[in-house]
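Please consult the sequence and the model alongside the text.

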Amino acid sequence: MEATENRKDRGKEAKGSQPGDYQGHLRKDAGDADAIGCLHAELQRLCSRAKKRLLWTLLLFAFGCSGLYLYGFRVLRHLEGIIPMGICPTATTSLLTDNFTGILRPWARPEVLTCTSWGAPIIWDSTFDPHVAKQEAKRQNLTIGLTVFAVGRYLEKYLKRFLESAEQHFMVDQSVVFYVFTDRPEAVPHMTLGPGRLLRVEPVQGESRWQDVSMARMRTLYEALGGQLGQEADYVFCLDVDQRFTGNFGPEALADLVAQLHSWHYHWPRWLLPYERDKRSAAALSWGEGDFYYHAALFGGNVAALRKLTAHCALGQQLDRERGIEAVWHDESHLNKFFWLYKPTKLLSPEFCWDLQIGWRTEIHHPRLLWEPKEYALVRN
């Protein structure tokens, strides 16, 4: 029995070692080698393709960076213009009214946002009747103040053109008092003004840093609004001097508390807006806060509302100084914090304060104010 099993085992061994099976093993090994070779070639081909893709990516990135550097991000600015601003709900648009223009016409500008979530109008060209606004301001016998700070080299660089353009376009046929705050009252240019229009020059102290000049104005405005300015004006607009009027800026802009949409940021989503994010600052807004980004180059309102605004900003700046910090955009950061806490009753579209450096935008019809070229190297040294 054992002999028989041994013979069967030897038979199996012999059968397994037949010449045909040996050749099969050789063919199998050769096939495996071919497969490995093919796999290696495929890997080389894929690596070569990946290298080419990486090279093209780097070339395109370098080309894109060069284009952005040479053309000042104009391409991105044009693309930004197609980001939708949002649409006013029909229930809100039918209720939009204004103290000076009466019923507004938001349907005249369907391509832009014409109201806020709290029901304040955003004033665009064609949404109001300028004649109605003029008549209402005349009926109320209003005096409108315009303040501007011209300190250091800002005076000779910008003030004359600012005042001349303001006399031509700002609140035409209305009673106006211009307040120029400057560290050199004797250098303020002489102006020939129309009837019912006055120019007052108020001395202020010069500052060693331009940031301090910018931030000191809130304290100065607060004091002025509690003095003669607040006594003779019903509404006041506070403007930067490095801009000029180019179109009619009339009573359609008047309201209890007026904010200006920043022309560089009105298309941006909220999480991209340049609010102060340092929680130590009194101007800080968290990532879930904020409505729009407002420009400190133009804001206004009645005297009581502006006293509250300037007091808030001045106090916030004082608290920051005591903590040894400074908000990223100085008084503008504090202004945006105020408008988040206390909503403006009217917003002015970027048509009221536009920068030509942004380029052409279909929604900008007739700019009222234009930024002057920012020659910081000249005026801030």
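Which residue caps the N-terminal end of helix 9? Asn302 does, with a side-chain oxygen 3.3 Å from the backbone nitrogen of Ala304. The model is predicted, so local features need pLDDT of at least 70 and side-chain atom pairs count only at pLDDT 80 or more, while totals for chains, interfaces and linings use all residues. Residues are numbered from 1 along each chain as its sequence is written, and side-chain values use heavy atoms, with hydrogens and water left out.

**Helix 9**

- Helix 9 comprises 20 residues, 303–322; helices (H or I, at least four residues) and strands (E, at least two) are DSSP runs numbered from the N terminus.
- From first C-alpha to last, helix 9 reaches 28 Å, close to the 28 Å expected at 1.5 Å a residue, where the expected span is 1.5 Å times one less than the number of residues.
- Buried residues of helix 9 include Val303, Leu306, Leu309, Cys313 and Asp320; buried means under 20% relative accessible area, exposed over 50%, and partly exposed in between (1.4 Å probe, protein chains only).
- Viewed down the axis of helix 9, its buried residues fall within an arc of 160 degrees, so they line one face of the helix; the arc is that of the directions from the helix axis to the C-beta atoms.
- The exposed residues Ala304 and Glu322 are carried on the face of helix 9 turned away from its buried side.
- Gly324, with a positive phi near 75 degrees, follows helix 9.

**Largest cavity**

- Leu96, Leu104, Pro106, Thr114, Ile122, Ile123 and Thr127 line the largest cavity.
- This lining divides into five nonpolar, two polar and no charged residues; Ala, Val, Leu, Ile, Met, Phe, Trp, Tyr, Cys and Pro count as nonpolar, Asp, Glu, Lys and Arg as charged, and the others, Gly among them, as polar.
- A cavity is a set of points on a 1 Å grid over the protein atoms alone where a 1.4 Å probe fits but cannot get out, and lining residues have an atom within 4 Å of a point.

**Individual residues**

- Gln260 is found in strand 9 (residues 257–261) and counts as buried at 0% relative accessibility.
- A polar atom of the Gln260 side chain lies 3.3 Å from the backbone oxygen of Leu348.
- Ser126, not a glycine, has a positive phi of about 85 degrees and is partly exposed, with a relative accessible area of 32%.
- Met171, in the loop between helix 6 (154–169) and strand 5 (175–182), has a positive phi of about 50 degrees although it is not a glycine.
- Met171 counts as buried, at 0% relative accessibility.

Technical notes:
Polar contact = N/O pair within 3.5 Å; in protein donor to acceptor, adjacent residues only side chain to side chain. 1 Å grid on protein atoms, 1.4 Å probe; cavity = no way out; pocket = protein on both sides within 12 Å on 5 of 7 lines; lining within 4 Å.
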